[in-house]
Amino acid sequence: MTLQLKITLRHSANPSIWRRIQVLASLNFYQLHLLIQGAFNWQLSHLFRFGKNQRDYPGIGIAFPNPMFGEEGVIEADKTLIKDYLKTPKQSFYYVYDFGDNWEHDILVEEILEKKTRSPQSLGGAGFGPPEDCGGIPGYYRMLEALDDPKHEEHEMYIEWLGMEDDEYLDKDFFSKTEATKKMRHYLKLYGDKNIFQ
């Protein structure tokens, strides 16, 4: 069985940043985390949590002591199958990555396909995946504003921080489903059977 999911980065606009992916329902939530990371071009650098919404407790994530949820406040992602939670079309779910930048995502189950498809794969999307550690959505849009204005006081700082050339342009609309699929499969192959946080 295959799930078709639309994952939208909350509070993103002009364009809205989203991805449509297909994944096997037999995967666990840690593996789904890897696929979302690949689809958005994240770097697997921070903790994460899934839930019915942002207040769902306990959430599904990494089970070790942390100041956000305490020692007992997490259902282990690598031992929890997504098919046990994502069961019906139009069902929504929540995913947050990096508790500092607080990248919040809405997951919508668009379709449940009975036959297996070539998975995982990206079917589409929009918007450039924001860089790690740029300050969440507010920081990302502040960065784009600075990059668009050579006279902005932070323009040179962001050019240097991103490793760009002075005449290089960051295309906030850029998305490649081919590159997203490639990175999703790379992460799953490399880390899918082990928890990199342990």
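Reader: Which residues does Phe 50 touch, leaving out those up to four places away in sequence?

Author: Bear in mind that this is a predicted model. Phe 50 touches Phe 29, Leu 32, His 33, Ile 36, Gly 59, Ile 60, Phe 93, Tyr 94, Tyr 95 and Ile 107.

Reader: And which residues have the most contacts inside the largest nonpolar core?

Author: Leu 5, Val 23 and Phe 50. That core has 45 residues. H1 gives the most to it, with eight residues.

Reader: OK, H1 then. How many of its residues are buried?

Author: Twelve of its twelve, so H1 is mostly covered.

Reader: What is the span of H1, end to end?

Author: Its end C-alpha atoms are 16 Å apart. Twelve residues at 1.5 Å a residue should span 16 Å, so the two agree.

Reader: Switching to H4. Which of its residues are buried, and which exposed?

Author: Ala 180, Thr 181, Met 184 and Tyr 187 are buried. Seen down the axis of H4, the buried residues fall within an arc of 135 degrees, so they line one face of the helix. On the other side, Thr 178, Lys 182 and Lys 189 are exposed.

Reader: Why would residues three or four places apart point the same way?

Author: An α-helix has 3.6 residues a turn, so residues with that spacing point the same way.

Reader: What do the buried residues of H4 pack against?

Author: Strand S2 (18–24), helix H1 (29–40) and strand S8 (121–126).

Reader: How do H1 and H4 cross?

Author: Their axes come within 7 Å and cross at roughly 145 degrees. The crossing is right-handed. On the H1 side, the residues that meet H4 include Tyr 30, Leu 34, Leu 35 and Gly 38. On the H4 side, Ala 180, Met 184 and Tyr 187 are among them, and these three are buried.

Reader: What about H2? Which residues are buried there?

Author: Gly 136, Ile 137, Gly 139, Tyr 140, Met 143, Leu 144, Ala 146 and Leu 147. Helix H2 runs over residues 136–148. What covers its buried residues includes strand S1 (2–9), strand S7 (103–113) and helix H3 (155–161).

Reader: Now the loops. Where is Tyr 85?

Author: In the loop between strand S5 (74–76) and strand S6 (92–97). Tyr 85 counts as partly exposed, at 28% relative accessibility.

Reader: Which residues is Tyr 85 in contact with, neighbours within four places aside?

Author: Phe 29, Ile 60, Ile 75, Thr 80, Gln 91 and Phe 93.

How values were computed
Residues are numbered from 1 along each chain as its sequence is written. This is a predicted model: local features need pLDDT of at least 70, side-chain atom pairs count only at pLDDT 80 or more; totals for chains, interfaces and linings use all residues. Side-chain values use heavy atoms; hydrogens and water are left out. Helices (H or I, at least four residues) and strands (E, at least two) are DSSP runs, numbered from the N terminus. Buried means under 20% relative accessible area, exposed over 50%, partly exposed in between (1.4 Å probe, protein chains only). Contact means heavy atoms within 4.5 Å. The arc is that of the directions from the helix axis to the C-beta atoms. A nonpolar core is a set of buried Ala, Val, Leu, Ile, Met, Phe, Trp, Tyr and Cys residues joined through side-chain atoms within 4.5 Å. Axes are lines fitted to C-alpha atoms, for helices over the stretch in contact, and angles run from 0 to 180 degrees between N-to-C directions. A crossing is left-handed if the near helix is turned anticlockwise from the far one by less than a right angle, and right-handed if clockwise. The expected span of a helix is 1.5 Å times one less than its number of residues.
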